[in-house]
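Trainee: I would like a close look at a single residue. Please set it in its surroundings as well.

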Amino acid sequence: MKLHDRHALITGGAGSIGLATARVFCAEGASVTVADLPGPALDAARATLPADRVRALPLDVTRSSEWQRTIDDAVATFGPIDVLFSNAGNSGVIAPVVDYPEEVFDSVLAVHVRGAFLACKHGLPAMRDGGSLVICSSVAGMRGDPGVSAYITAKHAQVGLMRSVSKEAAARRIRVNTVHPGPVENEFQKSLEQRLSAVLGENATEFFNRMIPLGRHAHADEIARAVLWLASDDSSFTTGTTLMADGGMNV
């Protein structure tokens, strides 16, 4: 088991990629703290995971005080953190930059950038030396596309954060990397594509599939296995890097 007796904390843990990663981590022997906004999704996630090795906690990743409470609870339950997966996200809207709502832009950056920053700020002191911190960016963090200025900006910013923190954490042998999914078959992507279809005047799912050399969207468990590689000792000499899991979309 690649994560035997290790403690992983996953934000956005009730969503598609977060929950799939929690399942993979549990199967590989980890105890997992799943953190997400309070509500039915977090309750449902808790119900589908092994009760003896999972702690589900409410967390707004933009609030520093909630981060400290979550970290304290997680460490009290399962001990120091070995793996931290900063995965919480929101999509914003699709609009030209001149029409983009300022409050939506602020919200997207708060969740993705401030959320990842607070994960590093509060998470690193609670991590064991030799651990792994993974930030979920996106193929959008490696390209530019019209109509999604907030999301593109936020995902690029996460890469800058990762590169800076990877050098700060290296003295403790903590590896820091980003993973970059392309379109994934989940409700997050479906909602985005429904809105984008109206803008494109064609089916956005088919549009994306034509852009992906492998010709399809990813499954959440495929992204989870990429995160597992970064979380485990299999990537013991990998830090400060961007792992693409996009079916070749960014080639």
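Which side chain does a polar contact join to that of Thr-70?

Mentor: The side chains of Thr-70 and Arg-69 are joined by a polar contact of 3.4 Å. A polar contact is a pair of N or O atoms within 3.5 Å; within protein, one must be able to donate a hydrogen and the other to accept it, and residues adjacent in sequence count only if both atoms are side-chain atoms. This is a predicted model, where local features need pLDDT of at least 70, side-chain atom pairs count only at pLDDT 80 or more, and totals for chains, interfaces and linings use all residues. Residues are numbered from 1 along each chain as its sequence is written, and side-chain values use heavy atoms, with hydrogens and water left out.

Now the setting. Thr-70 sits in helix H3, residues 64–78. Helices (H or I, at least four residues) and strands (E, at least two) are DSSP runs, numbered from the N terminus. Thr-70 is buried, at a relative accessible area of 1%. Buried means under 20% relative accessible area, exposed over 50%, partly exposed in between (1.4 Å probe, protein chains only).

Next, the neighbours. Leaving out residues up to four places away in sequence, Thr-70 touches Leu-9, Ala-35, Leu-57, Pro-58 and Leu-59. Contact means heavy atoms within 4.5 Å.

Then the whole protein. It has 8 helices and 7 strands. Of its 251 residues, 51% are buried. Among contacts with a separation of 6 or more, 70% come from residues 24 or more positions apart. The C-alpha atoms fill a box of roughly 50 × 40 × 35 Å, taken along the principal axes.
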